[in-house]
Amino acid sequence: MNRLVPRSLTGQIALLVAVALFVAQAINFALLLRERRAYRFSQVTAPAITRVVDAAERLRDGRFREPTGDGRERQKGRLRLQPANPIESGLEPRLDVEEGIRQAMRESNLPVGRVITGLRPISPTDPRFARMNALRAERMKRMGAELSVAVEIPGKGWLTMTTGWPRTERSLIWQLIAQTLILYAVVLIPVLWIGHRVARPLRKLAAAARDFKPSDPGEPVEERGPGDVRAVIAAYNTLSRRVTAMLDEKDQMLGAIGHDLRTPLAALRVRIESVEDDEDRERMADTIDEMNRTLEDILSLARLGRPSEPPTETDLSALIDAVVDDFRDLGHAVEYQDGQRLIVSLRPALMRRAVRNLIENAVKYGGGGEVLLTSDKDAVQIEVADRGPGIPPDQLVAVFDPFTRLDPSRNRTTGGVGLGLTLARAIVREAGGDIALANREGGGLSATITLPQR
């Protein structure tokens, strides 16, 4: 059912109005039909029943006389007594008329046998109209049908009559269809126009909100449409300006924090050179380096929504190869299965950081890593695999949360505070891709970056 309901505002309004009009027309049709049937009963059915009962009473009392005249009209609207039923089979019966005659005959204590009715359509070119009175012929044409009635009087014969019968249902249906089409044209066209006028600025507002980027807020959305819609657009424009101003303040604050923290760390770095014990000096230096890396990770993660580096066409294979060479220069066992040359639009410095974080994890927890670059028509995959202890299956998603670390497989002795995967996923998602983790058969972990081909 949900598939049949339009998703757009204009479509839903039009559907609601169309259904309301249809229901209103259906109620109107039922009331008109009831009125027409009541009119037909009072003007046709009741007089026919009355004439049949009156003729039966006269027949019982011996006062019945068949109409006389030139024979042109005496069968129309007048009763005759015939020895057999003259109504041919196959005509549409009128059960309400038959039941009405039976009930009236019983109430008058008149004997009655079978009651048969037959409805026959009348063609406007029927030759009998030429022998009729002009007014009667025109009335019969408007009615569209004639009703033949035959009532069996036991021991006497069949009282028969023929009278005009209005075919109101068919004309009423066509009248309803014509009215409905006119109403749809008169009502739905303005509704669709108004809905389109309301929906167009809303679609632009939705597109602006969907494409909003803190690094490039773009132009304000034009305020168009009804007053309520313009108020929503104005509120969005104000909100986007506030968000941009808040982010500018945040960047300034982060820059000040970074400067204020790096200065004492640099001073500590200088002062530890006076420590005579080599082991203590190295531990202090490692602690300061870890604090610097942690600070850099936190600042990078906080600034990711507003990177200063623009996207550029980058050879992804060359980028990965440069990162792998850095680890090899440090003596780490990192293998790279060089793939084909792939040009992808991304921010190279940030993507280099994401790949480096994954390889760094593989080196820390697996002693080395394997990097593989593959592609298909829709996406590019960078897989970084290791032979470390892996991750419990129920923690494969949780490890992406900031400051999340696993114990005992990933402990403090390996360094870091749990921001590497968080930062890597944020960078990849900012580029339109994602990262997935999976445990390898035989032990180890596989981290796969998937980027769209564009």
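How many bridges join β2 and strand β3 (residues 144-153), and in which sense do they pair? To find out, select both: they are antiparallel, with seven bridges between them. Strands here are DSSP runs of E, at least two residues long, and helices are runs of H or I of at least four, numbered from the N terminus; two strands pair if DSSP finds at least two bridges between them.

This is a predicted model, in which local features need pLDDT of at least 70, side-chain atom pairs count only at pLDDT 80 or more, and totals for chains, interfaces and linings use all residues. Residues are numbered from 1 along each chain as its sequence is written, and side-chain values use heavy atoms, leaving out hydrogens and water.

Zoom in on Leu 119, whose bridge partner in β3 is Leu 147. Now show the whole open sheet: its four strands run in the order β1-β4-β3-β2, with antiparallel pairing. At the edges, pairing on one side only, are β1 (80-82) and β2 (115-121).

Next, select helix α8 (residues 348-366). Its end C-alpha atoms are 26 Å apart, which agrees with the 27 Å that its 19 residues should span at 1.5 Å a residue (the expected span is 1.5 Å times one less than the number of residues). Just after α8, stop at Gly 367, where phi is positive, about 80°.

Stay with α8 for the last stop, the lining of the largest cavity: α8 gives three residues, the largest share. α8 and β11 (445-452) each supply at least two of the lining residues. A cavity is a set of points, on a 1 Å grid over the protein atoms alone, where a 1.4 Å probe fits but cannot get out; lining residues have an atom within 4 Å of a point. Among the 10 lining residues, show Leu 358, Asn 361, Asp 386, Leu 445 and Ala 447, which lie nearest the centre.

Key. 1 Å grid on protein atoms, 1.4 Å probe; cavity = no way out; pocket = protein on both sides within 12 Å on 5 of 7 lines; lining within 4 Å.
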